[in-house]
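Colleague: I would like to learn how to read a protein model step by step. Could we take one feature at a time, with the general idea before the particular case?

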Amino acid sequence: ELMCGEEGRPGKKVKKVKLRKLERPPDTPTVDPTVKYDRQPEYLDITGGTLHPYQLEGLNWLRFSWAQGTDTILADEMGLGKTVQTAVFLYSLYKEGHSKGPFLVSAPLSTIINWEREFEMWAPDMYVVTYVGDKDSRAVIRENEFSFEDNAIRGGKKASRMKKEASVKFHVLLTSYELITIDMAVLGSIDWACLVVDEAHRLKNNQSKFFRVLNGYTLQHKLLLTGTPLQNNLEELFHLLNFLTPVRFNNLEGFLEEFADIAKEDQIKKLHDMLGPHMLRRLKADVFKNMPSKTELIVRVELSPMQKKYYKFILTRNFEALNTRGGGNQVSLLNVVMDLKKCCNHPYLFPVAAMEAPKMPNGMYDGGALIKGAGKLFLLQKMLRKLKDDGHRVLIFSQMTKMLDLLEDFMEHEGYKYERIDGGITGNMRQEAIDRFNAPGAQQFCFLLSTRAGGLGINLATADTVIIYDSDWNPHNDIQ
C-alpha cells in the first residue's frame, strides 16, 4: 500500500512486517552441550541458512569448550565464516537454555555492520544492541537499551556503573575496541556470560590498554577470533594466551625460552600441541577440496619515458642532498624509497607532474596521457580489456589513496563501472558499496580498494581476480 507524503506526493512503500512470536528460551538446559550435532539443530533450519559441515564442527567445538570451561581461539583462515560460527554458538547457548547472556562482542568499528547482519540472519530471536557513536548517542543507548528498569544507570554523558540488581535488557552488545576502554565504568559493571574479541591479533601486547581494561571485567567465558594466529611472533601469541588463560600462560620469558632453539616446523607442532584444547584452525584448502587453486602471477613492467625522467631526478637530486655533509635538513632514505615507489605507481603522484598534466574540461586527467604516463597503467589497460571480455570481475588494490584517485579517472576514461573503498569510507557507505558490487547482475566490473581498508571483514566473493597495483611493505597484508 502507498502512503501519501506531504503535498500529496506518493510516499515510501510501507512494508508489511510479519511479526514472529518469539519463543522464550527454556529455563533449564534442554540439550547436553558436550554431545555433538550430526546435523544442524532445528532452530537454525528456521533461519533459512545452512551451515557448512566444518562450521557445524566449529559450533560443536565451541559448545563443548564452553561446557568444559575452556576459553578458546577460533583461528579459521579468513573467509571461512568465523562471524557466522560465533553468532550461531551464542544463539545455541540462548536457545538451548544454557545462558541468556549477556554476551559482549568487541570488534573493529569497520566490521560491526557485518556482525549486525550475521546476528540478524543466524540468531533472529536474540536482542542485539549496537553500542557505538558519540557521547550523546551512547547516553541515549544506555538510557533506553541497557535495562528494563528506569534509572538503572545514572543519566548524563559520562558512562557510570549499572546498579547491581538491575536486569540487563539485551542479549548481545556489539561494540568497538575503543569503547571497551572509554566506557569501562558501565561495561565493566555488567556480569558478562561470554566475551568475543574479533580480529584479536590486532591487540598487540599486554601493555595494550585493551587487555588491561578487560582484565577488570567479569567474564565467564572468552572466545578470541583471529585469522592470523601464528603470524609474526611468539610474543604476540603469548599475550593472547595470557589474556585467555592467565593461570596457564603467565611467564613470558619461560615461554619464549621454551621455543628459542626449535626449528620453525617443530615450533609450530609444539605450539599446536600446547594450544590443542584452546585453538581450532582450518584452512580453505582443507575445507573446500574442490576450490580451484589460486594462481599468482608477478608481472614485471618497464617504466614509461616520463617515469624514467622522474626516477633519475629523484635519485640524482637525493644523492646530492644525502651527500651534503652537515647541510641543513637531512633527507631521509625512507623518503627516497617512498618517492621511488610513487614514481613507479604514477608520476602524477608528484605535485609538479600533476600540475603540468593535460586535463579535460571537467577537470579530470586526459585519459590517453594518464595511461601513457605509467608502465603499470599501460599494462593494466590491456589486462582489464581482456578480463572484461572473458567475463571476469576484478578487485584492484593499492597502498595509496591518491593512486585510487588516478585509477578512478582511468576507469571513467575506459568506461568501466566500479566501486571504491578506502580508509576514509566508513560503516554504512562501505557496506552499501559491497552490496552493490555483490548484487546479482551488478554492472560494476572493478572494485578499487586500499590494501589496509580492504583486508578486514569484507566479503567480495563475487569477484574472481585480484590485481595488487603496488605491494604492501608487509607481505601478510597482501595475503589477507
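Predicted model: local features only at pLDDT ≥ 70, side-chain atom pairs only at ≥ 80, totals over all residues.

Colleague: Is Ile467 buried or exposed?

Modeller: A residue is called buried under 20% relative accessible area, exposed over 50%, and partly exposed in between, with a 1.4 Å probe and protein chains only. Ile467 has a relative accessible area of 10%, so Ile467 is buried.

Colleague: Which residues is Ile467 in contact with, leaving aside its neighbours within four places in sequence?

Modeller: Contact means heavy atoms within 4.5 Å. By that rule Ile467 is in contact with Leu380, Met383, Leu384, Leu387, Val394, Leu395, Ile396 and Phe397. One of these, Leu384, is found in helix H17, and because its relative accessibility is 0%, Leu384 counts as buried. Not counting residues up to four places away in sequence, Leu384 touches Ile467 as well as others, among them Phe410, Tyr416 and Cys446. Leu384 also touches Val394; these two residues are 10 residues apart along the chain, and their C-alpha atoms are separated by 8.3 Å.

Colleague: What can one say about helix H17 as a whole, and which of its residues are buried?

Modeller: The general idea is that an α-helix has 3.6 residues a turn, so residues three or four places apart point the same way. In H17, the buried residues are Gly375, Leu377, Leu380, Gln381, Leu384 and Leu387. As for length, the expected span of a helix is 1.5 Å times one less than its number of residues. H17 (residues 375-389) has 15 residues and reaches 22 Å from its first C-alpha to its last, close to the expected 21 Å. After H17 comes Gly391, whose phi is positive, near 80 degrees.

Colleague: What does helix H2 pack against?

Modeller: H2 has 16 residues, 53-68, which should span 22 Å, and its end C-alpha atoms are 23 Å apart, which agrees. Its buried residues include Tyr54, Leu59, Trp61 and Arg63. The buried residues of H2 pack against helices H1, H3 and H12 and against strands S3, S10 and S11. H2 is followed by Gly69, with a positive phi near 75 degrees.

Colleague: How many salt bridges are there, and how should I read one?

Modeller: Side chains of opposite charge can pair when their charged atoms come close. The rule here asks for a side-chain nitrogen of Lys or Arg within 4 Å of a carboxyl oxygen of Asp or Glu, and by this rule the count comes to 14. In one of them, the side chains of Asp435 and Arg117 meet at 2.7 Å, N to O. Asp435 lies in helix H19 and Arg117 in helix H4, so this pair ties together parts that are 318 residues apart in sequence.

Colleague: How many disulfides does the structure hold?

Modeller: A disulfide is a covalent bond between the sulfur atoms of two cysteines, and the test used is a pair of cysteine sulfur atoms within 2.5 Å. The structure holds zero disulfides. Cys344 is in none, since the nearest cysteine sulfur, that of Cys343, is 5.6 Å away.

Colleague: Finally, what share of the whole protein is buried?

Modeller: Buried residues make up 46% of the 480 residues, and the secondary structure comes to 21 helices and 15 strands.

Note on methods. Residues numbered from 1 in each chain as written. Heavy atoms only, no water. Helix = DSSP H or I, 4+ residues; strand = E, 2+ residues; numbered from the N terminus.
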